[in-house]
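Trainee: Could you walk me through this model, one piece at a time? I would like to see how each answer is reached.

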Amino acid sequence: MTSENSSERVVVRLDGVRKEYGQSVALDGVSMEIRTGEAVAVMGPSGCGKSTLLNMVAGLDRPTAGTINIHGDDLGGMNETGLALFRRRRIGMVFQFFNLLDDLTALDNVALAGQLTGTSARQARKRALELLDELGVADRRNDYPATLSGGQRQRVAVARALMNKPSLLLADEPTGALDRQSGEQVMNLLLDLNRIGQTLLVVTHDPRLAERCATRLVEFEDGRIAREKVLERTA
Amino acid sequence: MSAVWKAARSAVRRRRLQTVVIALVVLLSTATMVIAMGLLDSASRPFDRAFDKQRGAHAVAAFDLDKVSADQVSATARRSGVEAHAGPFDQTSVSLAPGSVSFLPGPLTVVGRGEAGGSVDRVHVWNGRWATKPGEIVVNQTPPFSGGAPFPLGGKVVTPQGTKLTIVGYAYTMSRTADAWVTPEQMKALHPTARQMMYRFSSASTEADVAQGIGQATAGLPKGSLVATQSYLTIKKDVASGPGVYVPFLMVFGVLGVIVAVMIVANVISGAVVSGFRHIGVLKSLGFTPRQVVGVYLLMVSLPAVLGCALGAVGGVLATDPLLTSAFQGTGMDLSGVAVSWWVPVAALVGMPLLVVLAAALPALRAHRLSAAEAISAGSAPHRGRALWIQRRLGGSSLPRSVSLGLGLPFARPARTAMTLVAVLLGVTTATFATGLASTVNEFGKAGDHTSGAQLIVQPGQPQFGETAPKLDDPQTEKVLRSLKGTESVTVDVHVPVSITSSKKVVAEFWRGDTSARDFRDQIVKGHWIEGPGQVAASTAFLRDRGLQIGDRLTMEVGGKPARVTVVASLMSQRDLLYADWRALSALDVDVTKLNSRFQYLVQVSPGTNIAQYTDAVRAADPGLYARPNSDSSTFEASVISLSVVLTLMLVTVAGLGVFNTVVLNTRERRRDLATLQSLGMTPRQVIGMTVTSMAAVGAIGGVLGLPLGVLAHRAIMPIAGEAAKVDLPARMLDVWHAPVLLLLGLAGITIAVLGAFFPARSTTRMATAEALRSE
Ligand SMILES: Nc1ncnc2c1ncn2[C@@H]1O[C@H](COP(=O)(O)OP(=O)(O)O)[C@@H](O)[C@H]1O
Ligand SMILES: [Mg+2]
């Protein structure tokens, strides 16, 4: 899968998105498109606005100017509840520091996402178990996050993000807090997901992750897109 | 030390809300405690001081003139245990004949005494001078407080034998040794009936001491020669009984306030320690010793605690002073120095911060134990098996996920939840207790005054005070009043001093007219209202003092024939009261118009009657009739009622703040979890719902447990308060609980918890979710 994807349906469209935090400008007029099946890697020095971009796309924060369209829906036209319902259906998120709920087991952390969409507890746990199984952490389903390794936690987090079959998976430095080996495993996981059609937007510091996973690389500098290139995937 | 100070200061700055909550909580509970302790401490102090100043008599004894000689009585002063004495003085009872000033109630106990001073019972002459020659009399009277009627000098006291005595002075004795004094020479002419002797004993702190002192002094005297004795402790109790009623419940308020404060401080600190794990780690990695870290946390609460305590102590003292003044008004005691003693605010200033630091120390010691590495890595909170099991069960339930998550939250931090529960519970207990208390105090205040229910009191004018003498006699007055437009009921009441065989004299009230219109029924503790001339109703104080019960028979006498009557009702009152039917006056063979007693007409007008116009109509009917609106409510009761309302509001506010604070801490700690849930697509409403659910559960349990505790506290405390006031409270006054009120109070717990949860939860959802997720 390479540049042919550009002919497919647009999932995300950003148009002149600008974000200011008081005096500082985190995003300075960003326009870009992501199409179904693409895996876009965002790179750039720390503080250049990568996380801000992801949060905008997830509807967790609103742009100061510009528009964001996901599947043709203008996020600017939605209220907080609308954005929450949108996230439930369309978005899966993975974070550098996992953000699992400490009081819930691995299984319940994953099932929780399903239960929010109205799936019954039994159904949600059933699907959560399947996902944990696919991601190779089914044996830890009844353990609590505090007792899992970083790599295991991140796989649980990915399972949770996939629970509602999102049309877009967002990952903010998913390997940033992991050791090399765990990082590799999560990388492979994301690659496999993209291979079976999952649209991906990944923020990373790690050129190897970008090289291996992404179909397109977007480089940020000072809140702006500095370079963009289409990648031949090495793996 | 300066590093600790600096770190504590910045910690205070970062926790503005908690700092304000601690300061407020400590302020309110300190103020409550100071008021309670101040009243407790001062209830008997004005008496003690005035008593000491007058060198009051520990015991006053009356001896039978015929059985012992003056020398024999004098000899009792030389017995061991007697430290000082005054007397013997001759004493007699003088009835008042027409021509006497009208404000004196009746038979006077008159003592022949050469001087006001002496070594015991230094009578305070506050107007005029002491009697120096025959024909002069000094009357025992408490100085009027501002607004009270003046007492004129020069008035006459006329005895039935025709002796005319001129009032040359008004004096006041703390020891209540006489109603009036004359010179010893004059006393001889009045035919004394007893010898009075006053003693101060070397030890007299208890009733037993006083009894023993009397026993030692009078041992060996002929049998039956000691006619009567009176201990100063009885008078002291009597004087303190006014403010004494309210001390027990104020103590309860104060103790509740302190417990609430301790709970909240412990809660705040443990929350600060838990949510400050990283902060602790950073401090330790910077080279703070564990002890210094604990110091930072203790200092962090001490700053607002000391501030709150200082303000609370000042506020408490300021609130107590007017209360004390109104409590002792009209007791004749010098009120200028009735202030809260210095030790009360000092104890509060030392005790409260100490308590706060103790409450903070336990959770702060956790910071002591925490290793720097552990703290910096800020590992997830330790888990408890049962709590997690509950979470799992809830997760599998068919409840909406936001609700089941909310129900699980309290189990994640059991210690914090327990403290929150106690805060809510005490809040509800306090609200329940205080509501009941306010109702009871209110009922008590209403019923304590028999003129309540009457809007107007009409009294004949007194020419000696410059008022117009009435033209109409008693029956005519009643008739005229009944004929006036708007009159609904008229009750006539005359106060007559009555002797009761083998017991103390009492001023009895004789009633006629529409007695059913008065609120007497509200005051009945036991028995039924008077139904005929052979029956009397007495106050509980009257019955207690004389060891009488309902059904007992008394013999009354007012100079004429004696009459036997039966006590049929006990009425709630601290005063020595006896009520009788008007017709009993004829059984007693008394012509009430010949007595020096004043009539009083209590008038109730129909609703909508203009009181001013009615008053004018009364004056038009007879310019000698003085009508005044009945606004006879005690300022002390009024201030206690409003104080209890204020205290209730204060404690409910404190409890609410405590819950609010807990929820804020919980919510802050869970900021990232809440943001995660929002990133998973939980709506703001669901997040608020979840947080509110978690606290509503705690609030419901707190309410359900707090309610019966509040009712029990009310049931337990009110009779104690009644005991202190020498009244038996009718059951009706304790039955202030009705289903709607109870329901409302029960809901109060949930309401406090829900309100405390709602606002911080809402502010979380308004906070940038992205920001919360950034944090590691
Ligand atoms: N909530 C915020 N408040 C203020 N400034 C912020 C906030 N979030 C991000 N910024 C600033 O915006 C810029 C971009 O941040 P971010 O998108 O997190 O960068 P990164 O590329 O490292 O992920 C940075 O300068 C950061 O300090
Ligand atoms: Mg970032």
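**A surface patch and some strands**

Mentor: Happy to! In this predicted model, B:W342, B:W343, B:V346, B:L349 and B:V350 make a nonpolar surface patch of about 530 Å².

Trainee: Which strands are at the edges of the open sheet in chain A?
Mentor: The sheet has 4 strands in the order 2-1-4-5, with antiparallel pairing. An edge strand here pairs on one side only. That gives strand 2 (24-35) and strand 5 (73-74) of chain A.

Trainee: What is the bridge partner of A:V12 in strand 4 of chain A?
Mentor: Strand 1 (residues 10-21) and strand 4 (residues 65-70) of chain A pair antiparallel over 5 bridges. Within strand 4, the partner of A:V12 is A:I70.

Trainee: How many residues of strand 12 of chain B are buried?
Mentor: Strand 12 spans residues 487-500 of chain B and is mostly covered. Of its 14 residues, the number buried is 11.

Trainee: Which residue stands opposite B:T491 in strand 13 of chain B?
Mentor: Strand 12 of chain B runs antiparallel to strand 13 (residues 506-513) of chain B, and 8 bridges join them. Strand 12 is also joined antiparallel to strand 19 (residues 599-605) of chain B, by 7 bridges. Back in strand 13, the residue opposite B:T491 is B:G513.

Conventions
Residues numbered from 1 in each chain as written. Chains lettered and ligands numbered in written order. Predicted model: local features only at pLDDT ≥ 70, side-chain atom pairs only at ≥ 80, totals over all residues. Heavy atoms only, no water. Patch = residues over 30% accessible without salt bridge, like charges linked within 9 Å, V, L, I, M, F, W, Y side chains within 5 Å. Areas by Shrake-Rupley, 256 points an atom, 1.4 Å probe, with all protein chains shown as cover. Salt bridge = Lys/Arg side-chain N within 4 Å of Asp/Glu carboxyl O. Pairing = 2+ DSSP bridges. Helix = DSSP H or I, 4+ residues; strand = E, 2+ residues; numbered from the N terminus. Buried < 20%, exposed > 50% of the residue type's maximum accessible area, 1.4 Å probe, protein only.
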